[in-house]
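Please open the model in a viewer and follow the selections below in order.

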Amino acid sequence: LAAPLFGYLGDRYDRKIILAAGICFWSAVTLGSSFLTELYCWIFFLSRGLVGIGTASYSTVAPTMIADLFEEGKRTTMLSIFYIFIPVGSGLGYVLAAGMAELTGDWHWAFRITPCMGALALFLLVLLVPRRTQRRTAFHRALSISGTIRVKAEKPELQRAARTTWCQDVLALAKNWSFVFSSLGLTAMAFVTGALGMWVPLFLYRAELVQGLVSPCLQESCNSSNSLIFGGITIGTGILGVITGAEAARRLRKMNNKADPLICATSMFVSALCLYIALMVAQTSIISTFVFIALGELFLSVNWAVVTDILLYVVTPRRQSTAIALQILVSHLLGDAGSPYLVGTISSAIQAKHPASIQWRFWSMQYSFILCAFLGVCGGGFFFLTSFYIEEDRKEAER
């Protein structure tokens, strides 16, 4: 919800200060939440929500700074490095949480370690990022598909005269069909990613119960091994997927002007197929389930940097922070914010209509996960629709 505010600020004020403030706020709230007890659980839930404010400041502003710092083909590579750390951070969350809980016997320590990473990020930001990153205009951003510059730089006085209000920016973005459809595709990606992150370890545990590989567990934490394995898969496939997507985009753009959205569409379709196969084989082969879940996450990760790169060349530079902010708001609000709850609710509703048994606990989650495969197909469709508009919107942004 805070993303549009930071998008507005990022288009108009010093982005380095915005990033530093966001990191400090995120780290402080995370550290403070680690000292809350069960009596103040409502404050804990509130603090976890406030973490999103810090995240919003970083995720809306940082991509535009990267786009301004690097020229032509390097932009996609640097964005891919930036987005590699989304799955890496997600995977490390599982590994750190499980490891610290086991080491200290207290899950609160997971929240006391992460602010150390925030302090490191703040130190590197102050040390390495220029005080004022030059905001590039058409000279930097308006590139042909082969990477050659097509227009000259805008004069500063023209840039200032063309300043628009936030409402005008939003209306212009709503008419940009490449931005709209790619944002909907990203929302489908976020929906699937959020549901997988919440429920896959439990789904794997129930699959092992059905196959008789483990015994029923009545302890508070029964899925630590699955969480660690899934966290490792998320890190590995995230790194490989982002690198693969960036390299595929770099090569295929030279042959097809619509390469970026077509790469995203294809990866979403293949990911949905892999996830569906993983659901179907879970009852008979846990190894095959791990393999197809890994493939599904791999193809999901292909799109992270490519989607942002699409936004950066179909949206004019002066409203890119706002565009990224709206994209983040929609993808989280309609995607990973509600997908874990929705999948869990569907599973509980199915389970409530059948006898309480290990088999039906597994089947209820299996059936609810089919929604993720369906949303993956929808996401691929949205990216495919993007390909019909991307050339026109690119030219409009260059103008």
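Begin by selecting Met 189: leaving aside residues up to four places away in sequence, its contacts (heavy atoms within 4.5 Å) are Met 268, Leu 300, Asn 303, Trp 304, Val 307 and Phe 383. The model is a predicted one, in which local features need pLDDT of at least 70 and side-chain atom pairs count only at pLDDT 80 or more, whereas totals for chains, interfaces and linings use all residues. Residues are numbered from 1 along each chain as its sequence is written, and side-chain values use heavy atoms, with hydrogens and water left out.

Now move to Gln 327 in helix H14, residues 320-336. Is Gln 327 buried or exposed? Its relative accessible area is 5%, so Gln 327 is buried (under 20%, with a 1.4 Å probe and protein chains only). Show Phe 179, Ser 182, Ser 183, Leu 186, Val 307 and Leu 311, which Gln 327 touches when residues up to four places away in sequence are not counted. The C-alpha atoms of Gln 327 and Val 180 are separated by 8.5 Å, although these residues are 147 apart along the chain.

Definitions and conventions:
Helix = DSSP H or I, 4+ residues; strand = E, 2+ residues; numbered from the N terminus. Buried < 20%, exposed > 50% of the residue type's maximum accessible area, 1.4 Å probe, protein only.
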